[in-house]
Amino acid sequence: MSNIKPAWWKEMSVYQIWPRSFADGNNDGIGDLHGVLEKLDYIKALGVDAIWFSPLYPSPNCDYGYDCADYKNIHPEYGDLGLFKQVLDGAHERGMKVIMDLVINHTSDHHEWFVKSREEPESEYHDYYYWRKGKKPGGKKPPNNWLSVFEGKAWEYNKELDEYYLHVFAKGQPDLNMSNPKVREEVKSILRFWLELGVDGFREDVITYIAKREGLPNGFPLLPIGRGMEHWTSLPPVKDYLREFQDEVLTPYGGFTVGEAPGMTPKLAKEYITAQDGKQPLLDLMFHFQHMEADCFMTDFIGLPFSLKKLKKAFSSWQREMFGEGWNALYIENHDHPRIINRYGSPKYREASGKMLAAMYILQSGTPFIYQGQEIGMTNITLDRLDQFKDVATFNVYNLVKKFGMKEERFVKLANRKSREHARTPVQWKDAPNGGFCDAEPWFPVNQNYSEINVEAAEADPNSILHWYRALLQFRKENPLVIYGGYQEHYKSSRSLYAYSREHEGKRLLVVCTFGEKPVQFCAPKGFDLTQGKQVFGNYAPPETQTNSFVTKPWECRVYMWE
Ligand code: NOJ
């Protein structure tokens, strides 16, 4: 018996919407809430229980909403508060919760707090941000050696004030000074605003960055991007701030939270998501990045050959460490990474590998998140020119590698594999111009493979990746074993197989995933008899007679259950 305490958010699965590219309801080339309203039945039919919206707030779009200019409103490009309420009610009527993105590490430089902090330096708003004198006057030397994650130095100089402001991300994303109690009051007021409106919880953007080391000391000098991160990642005051938000607002409202946490380890995560001193944990879930680094080093752009062993190690350590103590947030795609089929699967075996990857993570212990388009197996786009890319992070890398002599053409090839913009191409709804996303010019190119890969085609094909996702989520709902069962990995040292089992109240499940085309001999692990089990999933037709070992087909996945 496991000692896991049941909770609705442990049983749910979540669909992530990146609004600009999901569905364009007013046909202006930009996704919006009219589009979401039309697609609520589609989302519900996938079998999810909640929607997480990437930022819907007014924003000058330097980071598409992650630079928020007004926390209590909706971007006019997406609709207004009235339309949002209709979407919220529509989701609730269908039994789905709604989770908002909460971006409080920084605001937009268009936010009125920031404008006042700059225009009225005597006002209380000046201390809402990190304004500091440089080491030399006249903008000749910034306060320290920190480098931003998105745009050169982490400090931007203002001549009128002869001061710099801190931006760990883009210049248009000044960092909030969370050590200022007034800023924390603002955060609590934002939380209350959305909870009062009826939302169910928050995905908290880079939440472990919200405290900066006192004195803002220099960072470890060698890092070319994000230098100084040891002084802004997971510092002790983060927990004090989260405690305040939890106790004063989230607990009373019953608000759910999932915090994004770059650099997170299972041991540290437990300090945030495990109940301590009988109190509500600081967060319910955390998004860590370890399993997203099986083909890269720290960022997607620093590519490494895919290592299945690295992937398995990351998944298994979180499965082991969280069991009975915390809870996993399971994901393989979001708006910050290229499409998973291009990374850990194979576009040549799109259907087989897309299905295998889905089963691989959804059947683990935790709350699964599915990113828009993932459910139909969308893949990376190929762009011809640099000016077709739009993202501040892509251009940051370009500006850096250019200094080392990389030519534009070569960079475009690199970005065609590594940019997070692959996740941001408009969702392909049908085999029609612009993939049925809109008639107008779409804000970002639609992947030309829309005639083959689109929702309408996936609906019509009972063997599609879409139907596979639906079946997996349904199976998870019907089997507490998948939600609350224990996890054990098998054949850890295999370089082409990922096999694990789950066990709960006398029932067992065995998940066998093949990474690659090459045939491999799979033998049932000790104690498992495939001839006695029921094959509940397979991305190829099941064998006529089950045997206790088999030779795998390309990217084959089989799931067996014993009751
Ligand atoms: C993490 C978000 O997921 C990403 O999209 C964004 O650019 C940064 N935080 C900055 O807000």
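## Val482 in helix α15

Val482 sits in helix α15, residues 480-484. Helices here are DSSP runs of H or I with at least four residues, strands are runs of E with at least two, and both are numbered from the N terminus. The model is predicted: local features need pLDDT of at least 70, side-chain atom pairs count only at pLDDT 80 or more, and totals for chains, interfaces and linings use all residues. Residues are numbered from 1 along each chain as its sequence is written, and side-chain values use heavy atoms, with hydrogens and water left out.

Is Val482 buried or exposed? Val482 is buried, because its relative accessible area is 0%. Buried means under 20% relative accessible area, exposed over 50%, and partly exposed in between, with a 1.4 Å probe and protein chains only. Leaving aside residues up to four places away in sequence, Val482 touches Ile362, Leu363, Gln364, Ser365, Phe475, Arg476, Arg502 and Leu509. Contact means heavy atoms within 4.5 Å. Lys44 is 438 residues from Val482 in sequence, and their C-alpha atoms are 20 Å apart in space.

## Helix pair α2 and α14

Helix α2 (residues 33-46) packs on helix α14 (residues 465-478) at about 60°, with the axes 8 Å apart. Axes are lines fitted to C-alpha atoms, for helices over the stretch in contact, and angles run from 0 to 180 degrees between N-to-C directions. The two helices are therefore oblique to each other. Angles under 35 degrees count as roughly parallel, over 145 as roughly antiparallel, 65 to 115 as roughly perpendicular, and the rest as oblique.

Tyr42, Ala45 and Leu46 of α2 meet Leu466, Tyr469, Arg470 and Leu473 of α14. By class, this contact has 6 nonpolar, no polar and 1 charged residues. Ala, Val, Leu, Ile, Met, Phe, Trp, Tyr, Cys and Pro count as nonpolar, Asp, Glu, Lys and Arg as charged, and the others, Gly among them, as polar.

## Helix pair α11 and α12

The axes of α11 (residues 392-403) and α12 (residues 408-418) come within 11 Å and cross at roughly 140°. That makes α11 oblique to α12.

From α11, Thr394, Val397, Tyr398 and Val401 take part; from α12, Glu408, Phe411 and Ala415. The residues of this contact divide into 5 nonpolar, 1 polar and 1 charged.

## Cysteines

How many disulfides does a search of the whole structure find? The search finds 0. A disulfide is a pair of cysteine sulfur atoms within 2.5 Å. For Cys513, the nearest cysteine sulfur is that of Cys557, 4.4 Å away. Cys513 counts as buried because its relative accessibility is 0%. Cys557 is also buried, with a relative accessible area of 0%.

## Loops and positive phi

Most residues other than glycine have a negative phi. Tyr491 is not a glycine, yet its phi is positive, about 50°. Tyr491 lies in the loop between β14 (486-490) and β15 (497-504). Tyr491 is partly exposed, at 36% relative accessible area.

Glu505 has a positive phi near 45°. Glu505 is in the loop between β15 and β16 (507-514). Glu505 is exposed, with a relative accessible area of 61%.

Thr208 belongs to the loop between β7 (201-204) and α6 (237-253). Thr208 counts as buried, at 0% relative accessibility. Beyond residues up to four places away in sequence, its contacts include Trp232, Val238, Glu260, Tyr272 and Met286.
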